[in-house]
Amino acid sequence: MLVAVAAAAAVVVAATATGFLLLGGGKDHRGDPGPTTSGSPTPSASNPRGTDGEHATVKGWKAVVNPQAGIAFDVPPQWALMSTSWVTWVSENGDPEDKPLIAMRAPAFLKQQWCASDANRDGTNEYSPLAAAGSKVNNGARSTEEIAGADPRTWVYGQYTQPDKAKVKSGAVESFTTQSGITGTLGTAWSVGVEKSQKCATDGKAWTFAFKNAQGDLVSWSFFGAKGVSEEVPDATVRRIAATVRLYKDSSGS
């Protein structure tokens with residue numbers, strides 16, 4: 001149950017037009033130009049994101065921007081930043097159509113190739129990251145409470161517990177205000193009892209902060225990561241990242 005990544009902005013538009021939450025994909029992909037070629041994306045070593053001068057609000061951290069959603073946030077310096085056109089997603093295992101479960105745009109990864117396995121024994125390794133964070137527009141959602149309650153559960157199921165939804169647990173959603181003064185809803189979910197029969201199988205956790213952007217659209221920031229491992233991202237760090245979420249206006253003024 002590995003994260004999938006695509007760089008084709010046109011695919012995102014198509015997904016939105018057909019009413020999908022976002023894109024789908026059950027294994028690593030590099031969209032070049034579409035999400036059909038297996039592989040693991042590698043960000044550019046110099047200015048991988050083109051953040052248009054956006055500066056991190058935490059000293060020493062990196063600024064992550066999603067112009068489409070009008071969102072920026074910060075991550076610690078060890079994280080790798082994808083371009084603003086990358087989309088990372090999960091889908092049902094074995095789905096030949098890769099129908100979407102959930103996804104997010106312009107992600108940042110912590111140890112993107114944290115675990116490698118060749119589950120289908122085709123001679124090509126597939127990779128799962130230690131953690132990831134990104135953002136998206138929540139087309140079709142009715143409230144921040146709905147998003148903060150549902151999205152973390154979907155990330156945990158898609159990334160860690162398939163096909164068992166009973167292993168997904170969630171906490172109560174809470175009101176949350178970022179350092180920039182955005183007020184919205186924060187929700188969490190985690191897995192319990194994932195069988196470690198496969199090499200990269202692990203319990204996981206996810207957080208989602210949902211709010212309205214400058215245009216009044218429902219948008220969200222999400223995090224998912226391995227749980228119960230020695231390198232687990234502490235909850236305090238996840239909260240600190242969420243607290244940096246802010247509105248973003250790109251250099252074109254849009």
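**Note on selected local features of the predicted model**

1. At 42% relative accessibility, Lys111 counts as partly exposed, because that value falls between the limits of 20% for buried and 50% for exposed. Lys111 belongs to the loop that runs between β8 and β9 (115–117). Its phi is near 55 degrees, a positive value in a residue other than glycine.

2. Ala106 is placed in strand β8, which covers residues 100–110. With a relative accessible area of 1%, Ala106 is buried.

3. The loop between α2 and β12 contains Pro163. The peptide bond leading from Gln162 to Pro163 is cis, and its omega is near 5 degrees.

4. Lys167 is found in the loop between α2 (144–161) and β12 (168–170). Is this lysine buried or exposed? Its relative accessibility is 19%, so Lys167 counts as buried, the limit being under 20%. Leaving aside residues up to four places away in sequence, Lys167 touches Thr161, Trp190, Ser191, Val192, Gly193 and Val194. For Gly193, which is 26 residues apart from Lys167 along the chain, the C-alpha separation is 6.5 Å. The side chain of Lys167 also makes a polar contact of 2.7 Å with the side chain of Asp164.

5. A further lysine interacts with an aromatic ring. The charged end of Lys165 sits over the ring of Tyr157, at 5.3 Å from the ring centre.

6. The aromatic pairs in the model number 6. One of them joins Tyr160 and Phe224 in an edge-to-face arrangement, with 6.4 Å from centre to centre and 70 degrees between the planes. Tyr160 lies in helix α2 and Phe224 in strand β16 (residues 218–227), so this pair ties together parts that are 64 residues apart in sequence. Tyr160 is buried at 5% relative accessibility, and Phe224 is buried at 0%.

7. Another edge-to-face pair is formed by Phe176 and Phe209, with centres 5.4 Å apart and planes at 70 degrees. This pair links distant parts of the chain, 33 residues apart: Phe176 is in strand β13 (residues 174–177) and Phe209 in strand β15 (residues 203–212). Both phenylalanines, Phe176 and Phe209, are buried.

8. One last point concerns the grouping of rings. Trp155, Tyr160 and Phe224 are linked by ring pairs into a cluster.

Methods:
Residues are numbered from 1 along each chain as its sequence is written. This is a predicted model: local features need pLDDT of at least 70, side-chain atom pairs count only at pLDDT 80 or more; totals for chains, interfaces and linings use all residues. Side-chain values use heavy atoms; hydrogens and water are left out. Helices (H or I, at least four residues) and strands (E, at least two) are DSSP runs, numbered from the N terminus. Buried means under 20% relative accessible area, exposed over 50%, partly exposed in between (1.4 Å probe, protein chains only). Contact means heavy atoms within 4.5 Å. A polar contact is a pair of N or O atoms within 3.5 Å; within protein, one must be able to donate a hydrogen and the other to accept it, and residues adjacent in sequence count only if both atoms are side-chain atoms. Rings of Phe, Tyr and Trp (its six-membered ring) pair if their centres lie within 6.5 Å; planes under 30 degrees apart count as stacked, over 60 as edge-to-face and the rest as tilted. A charge sits over a ring if NZ of Lys or CZ of Arg is within 6 Å of the ring centre and within 35 degrees of the ring normal.
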